[in-house]
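Reader: Hi! Could you walk me through this one while I have it open on my screen?

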Amino acid sequence: MKYKLLSVLLTGALLTTGCGSDDNDNDTKPVEPPVEPPVTTIDVNEAATIGLKLATFDGVSGALTFSLSDADEMAITNAKDYRIVYFGFPDRDEKSSKPKAWKRWHLSKSYQCDSEANECEGLLTETETKGTYTFEAPGLDWDSGATPGAVKKYKVAIEIKGALSSSELELLPPPAV
């Protein structure tokens, strides 16, 4: 009788454990294609519009940091061609020793680059942050065209040129309201 009970127990054990197969071989999950990261940059020569935001400006040395983007807020890369003009003004509130001194005079210094002609003045560099640039203006000397120390206020106008578009040329920073 023990054999009969033992055979029933073994048969029950085999039925409950099965053969180790879960019978899910036909349940294959569809493989999703890898997701492409969204395009966040555009080459300067493909941009239909070029917008410029001045981040930093040191009028004495001419050092600049600015960013470029198109109408869709995509960072513009590979900018090479430019025209950058610095303006130096006297302090309007400062008294002059000359009674007929004209307070609206200014000095200007221009830097430009035509990459095709390989003629560039100054140094435009794209930073690690795509669409952000720095510019260095070697030889910017405000005392060479005026009385030393006469220039007190500074502005800059920046134009970045691409194949399809150029940025607006405007005096930066804008006047305080």
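Predicted model: local features only at pLDDT ≥ 70, side-chain atom pairs only at ≥ 80, totals over all residues.

Reader: Good to know. How many helices and strands are there in the protein?

Author: The protein has one helix and eleven strands.

Reader: What share of the contacts comes from residues 24 or more positions apart?

Author: Among contacts with a separation of 6 or more, 64% join residues 24 or more positions apart.

Reader: Let's do the sheet. What is the strand order in the open sheet of five strands?

Author: The order is β7-β6-β5-β10-β11, and the pairing is antiparallel. Strands β7 (119-120) and β11 stand at the edges with a single partner strand each, so one side of each has no neighbour in the sheet.

Reader: How many bridges hold β5 and β10 together?

Author: Nine bridges, with β5 covering residues 81-89 and β10 covering residues 153-161.

Reader: What about the pairing of β5 with β6?

Author: That pairing is antiparallel too, over seven bridges, and β6 spans residues 107-114. Tyr86 has Lys109 in β6 as its bridge partner.

Reader: And how is β11 joined to β10?

Author: Two bridges join β10 to β11, which is residues 171-172, and the two strands run antiparallel. Val156 is bridged to Leu172 in β11.

Reader: Switching to the inside: which residues have the most contacts within the largest nonpolar core?

Author: Tyr86, Phe135 and Ile160 have the most contacts inside that core, which has 29 residues. Strands β3 (64-69), β5, β6, β9 (132-136) and β10 each supply at least two of the core residues. As background, nonpolar side chains tend to be buried together in soluble globular proteins.

Reader: I've clicked on Phe135. What does Phe135 touch?

Author: Leaving out residues up to four places away in sequence, its contacts include Tyr82, Ile84, Tyr86 and Tyr111. Phe135 also touches Gly62, Ala63 and Leu64, as well as the run Glu121, Gly122, Leu123 and Leu124.

Reader: Nice. Now the cysteines: which ones does the disulfide join?

Author: Cys113 and Cys120, with 1.8 Å from S to S. The count for the model is one disulfide.

Reader: Last topic, charges. How many salt bridges does the count come to?

Author: The count comes to one salt bridge. The side chains of Arg83 and Glu159 meet there, at 3.1 Å from N to O. Arg83 lies in β5 and Glu159 in β10, so the pair ties together parts that are 76 residues apart in sequence.

Reader: Is Arg83 buried or partly exposed, and what about Glu159?

Author: Arg83 is partly exposed, with a relative accessible area of 28%, whereas Glu159 counts as buried at 14% relative accessibility.

Reader: Great, thanks for the tour!

Key. Residues numbered from 1 in each chain as written. Heavy atoms only, no water. Pairing = 2+ DSSP bridges. Helix = DSSP H or I, 4+ residues; strand = E, 2+ residues; numbered from the N terminus. Core = buried A, V, L, I, M, F, W, Y, C linked by side-chain atoms within 4.5 Å. Buried < 20%, exposed > 50% of the residue type's maximum accessible area, 1.4 Å probe, protein only. Contact = heavy atoms within 4.5 Å. Disulfide = S-S within 2.5 Å. Salt bridge = Lys/Arg side-chain N within 4 Å of Asp/Glu carboxyl O.
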